[in-house]
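Have the structure open while you read.

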Amino acid sequence: MLKPYEYTYVTNKIKQLIDIYKTVSDPQVVETNQMLIGETLNDVLGQELHDDIKPIYLDKRLTNEKAKPLFARLKSMVTPFEDISDKQIEKTFKKVKKLKLPVKDNYDFTELNYLAWDDIGSSRKYIVFRKDNELFATYGVMSSNVSKGLCAICHQFDNVSMYMATTKK
């Protein structure tokens, strides 16, 4: 079984290879990237699963469309983020008045490493995650200034803004 962050890592690496197939014409550069990415995928997936999918991602004619069945197959192997009840969420945010709970139907738990949602009215962001089977949570204020950048939490290049966590002494 894969963890959600492993699934995300593997799919991003395969998408990186697809981009290389589309843009790089030097065969040595392509082969070097295939080898480097293959080694990292082997470490994440294990020998058996890696050997099974290796012919698919090494095909230089692979496209995002052709990779969808592979991504679906890998997604079926993901252990989803454990569902958290509203009561558990309220318990982790004891000090927060008027906590707005997330609509969990909007989330794909097989792709989540943590549960995060925004309360637009109060400009707050709430984050709940598990560490060693224990539930942790944080919340803070989101800045209204948005710019392109690298998110320090999810490590994606996208629109980002300043997040200032609220702590109680």
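A salt bridge here is a side-chain nitrogen of Lys or Arg within 4 Å of a carboxyl oxygen of Asp or Glu.

Some ground rules before going on. This is a predicted model, with local features needing pLDDT of at least 70 and side-chain atom pairs counting only at pLDDT 80 or more, while totals for chains, interfaces and linings use all residues. Residues are numbered from 1 along each chain as its sequence is written, and side-chain values use heavy atoms, with hydrogens and water left out.

**Salt bridges**

The count comes to nine salt bridges. Three of them are set out here.

| Pair | N to O distance |
|---|---|
| Lys-75 and Glu-111 | 2.9 Å |
| Lys-104 and Asp-86 | 3.2 Å |
| Lys-125 and Asp-118 | 3.0 Å |

Take the salt bridge of Lys-75 and Glu-111. Lys-75 sits in helix α4 (residues 64-75) and Glu-111 in the loop between α5 and β1, so the pair ties together parts that are 36 residues apart in sequence. Helices (H or I, at least four residues) and strands (E, at least two) are DSSP runs, numbered from the N terminus.

Next comes the salt bridge between Lys-104 and Asp-86. This pair links distant parts of the chain, with Lys-104 in the loop between α5 and β1 and Asp-86 in helix α5, 18 residues apart.

How well covered are these side chains? Buried means under 20% relative accessible area, exposed over 50%, and partly exposed in between (1.4 Å probe, protein chains only). Lys-104 is buried, with a relative accessible area of 18%, and Lys-125 is buried too, at 19%.

**Surface patches**

Patches are made of residues with over 30% relative accessible area and no salt bridge; like charges are joined within 9 Å, and nonpolar side chains (Val, Leu, Ile, Met, Phe, Trp, Tyr) within 5 Å. Accessible areas come from the Shrake-Rupley method with a 1.4 Å probe, and for residues only the protein chains shown count as cover.

Which residues gather in a patch of positive charge on the surface? They are Lys-91, Lys-94, Lys-95 and Lys-97. Lys and Arg count as positive and Asp and Glu as negative, with His and the chain ends not counted; the place of a charge is NZ of Lys, CZ of Arg, CG of Asp or CD of Glu. Lys-91 lies in helix α5 (residues 86-92) and is exposed at 61% relative accessibility. Lys-95 is in the loop between α5 and β1 and is exposed as well, at 60%.

There's a nonpolar patch too, made by Val-141, Met-162 and Met-164 and covering about 290 Å². Met-164 belongs to strand β6 (residues 163-165).

**Strands and positive phi**

Strands β4 (residues 147-150) and β5 (residues 157-160) pair in the antiparallel sense over four bridges; two strands pair if DSSP finds at least two bridges between them. Leu-150 has Phe-157 in β5 as its bridge partner. In this hairpin, with six residues between the strands, His-155 takes a positive phi near 60 degrees.

Ser-123 also has a positive phi, near 55 degrees, and lies in the loop between β1 (115-119) and β2 (124-131). Asn-133, in the loop between β2 and β3 (134-142), has a phi near 60 degrees and is exposed at 71% relative accessibility.
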